[in-house]
Amino acid sequence: MVATIDTAEQRTAVRRPARRTTVVLLLALAVLALVCIASIMFGSKILPPGQVWEAVTGRADAYTTTVVESRYPRTALGIVVGLGLAVAGVLMQTVTRNPLAEPGLLGVNTGAAASVVAATAFAGVSGQTQTLLWSLPGALLTGVFIYVIGTLGRGLNPVRLVLGGAVLTAVLSAFIQAVTLSRPQVFDSYRYWVVGALGGHDWDAVLSVLPLAVAGFTVALFLGRGLNIVALGEDSATSLGARPERVKAVALLTATVLSAAATAAAGPIAFVGLAVPHLARVLLGADVRRQLALSAVLGPTLLLAADVIGRLLVRPQELMVGVVTAFAGAPALLIAVRRMRASS
C-alpha cells in the first residue's frame, strides 16, 4: 500500500512540472502571436486597422499593400534573430556558469563588426546583403578563435574563455575605431548597422540566416540532457557516462553559430541573450531543455515588442531596436547582479 502511494505521488510530482511547462509555453506562444500581429499592424507609417486588414487580404491599394508587406520580412527576421540570441544566451550561461554571459561575451558581435568595417574599407562592400555575408564569417572566426583559447591546457576553462573574449573584443574594438575614424565614408555605413535594427531588410536576409538558426536550435535541443548532466559537476557527469568537454564544446560552437547569424542579420543587439535566459529560469526552473524551449519563444517576443515600441515612440521616425533593448536590458542586468549577490 505504501509503495502504491509513493508511486502515485511520484507520478504527480513528474506531471506537475510538465503541466506547468505546457501552460507557460502556450501562454508565451499566445503573447508572441499578439506581438507578431502588432508588428504588422503598427509602424512609423500610421495606418488604420481596417486598411491593414485589407492589405493582408489583398484588397488594399498599392501604397498600403507595399507598406504592410514591408513589415512581413521585418517580423520574420525579428523571430529568427530573437530566437538565435536567446538560445545562444542559455547555452553560454550554462557552459560558462556565468549568469551575466550573453552572445557578446565571446566577442562574436565585435568580430562581426570588425569584419564589416574591414570589408567596407578595403573591399568596397556596400548594401545590406553584402554586409550580412561579410559579417557572418567574421563572427564565426572570432567564436572559433576564442574557443581555441579557452581549450588551451587541460580541457575547456570558462574563466580563460571569458578573459580571451574580453581581450579579443578590446583589440577588435580598437581596430574598428581606428578604421572608422580615419575613413568617414566607412563610419557613415557602419553606424547604422552597429546600433542593431530589423528594418530595411527583405526576405533574402531572413532566408540567409534561417538555416543556421534552425540548425543551431535543433542541436541545442539535443544538447539539453547533456547540459543538465554537466550542470551537476564534471565528476558527477563523467560518472553518469557523459563527456563534459565534448558537450561544452558543441554547446559553445552552437551558441557561436546562433549569435553570429543573428548579429550578421540585424547587427549587435544587446541584452536579449542576457535577460531572456533569466526569465526562462524564473518561470520553468533549472532544466536546460525547458529553458531552451521557452527562450526560443521569449526571445522573439522581447525583440519584436522592442521593435514595435521603437516605431511608435518617435513617429514618423523610428528608434532602432538595439537602442530600445539597451534601455530595457539595463534593469535586467541590475536584477541579475542583485540575484548573484544574494545567492553568494
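Analyst: Start with a pair of side chains. Arg-74 and Glu-318 are joined by a polar contact of 2.8 Å. The model is predicted: local features need pLDDT of at least 70, side-chain atom pairs count only at pLDDT 80 or more, and totals for chains, interfaces and linings use all residues. Numbering runs from 1 along each chain as its sequence is written, and side-chain values use heavy atoms, without hydrogens and water.

User: Why is the link between the side chains of Arg-74 and Glu-318 called a polar contact?

Analyst: The term covers a pair of N or O atoms within 3.5 Å; within protein, one must be able to donate a hydrogen and the other to accept it, and residues adjacent in sequence count only if both atoms are side-chain atoms. At 2.8 Å, the Arg-74 to Glu-318 pair falls within that limit, so the name applies.

User: What makes Arg-74 buried?

Analyst: Its relative accessible area is 10%. Buried means under 20%, exposed over 50%, and partly exposed in between (1.4 Å probe, protein chains only). Therefore Arg-74 counts as buried.

User: Which residues is Arg-74 in contact with, leaving aside neighbours within four places in sequence?

Analyst: They include Leu-198, Gly-199, Leu-304, Asp-307, Arg-311 and Glu-318. Contact means heavy atoms within 4.5 Å. Arg-74 itself sits in helix H4.

User: What makes a set of residues a nonpolar core?

Analyst: Its members are buried Ala, Val, Leu, Ile, Met, Phe, Trp, Tyr and Cys residues, joined through side-chain atoms within 4.5 Å. The largest such core here has 77 residues; Val-81, Val-87, Leu-91, Leu-227 and Ile-269 touch the most other members. Helix H4 (residues 71-96) gives the most to this core, with 13 residues. Another core, of five residues, lies apart from it, and Val-67 is among its members.

User: How do you know that the buried residues of H3 are on the same side?

Analyst: In H3 (residues 62-69), the buried ones are Thr-64, Thr-65, Val-67 and Val-68. They cover an arc of only 165° around the axis, so they lie on the same side of H3. The arc is taken from the directions from the helix axis to the C-beta atoms. On the other side, Ala-62 and Thr-66 are exposed.

User: What caps the N-terminal end of H3?

Analyst: Asp-61 does: a side-chain oxygen lies 3.1 Å from the backbone nitrogen of Tyr-63.

User: How many helices and strands does the protein chain have?

Analyst: There are 14 helices and zero strands. Both are DSSP runs numbered from the N terminus: helices are H or I, at least four residues, and strands are E, at least two.
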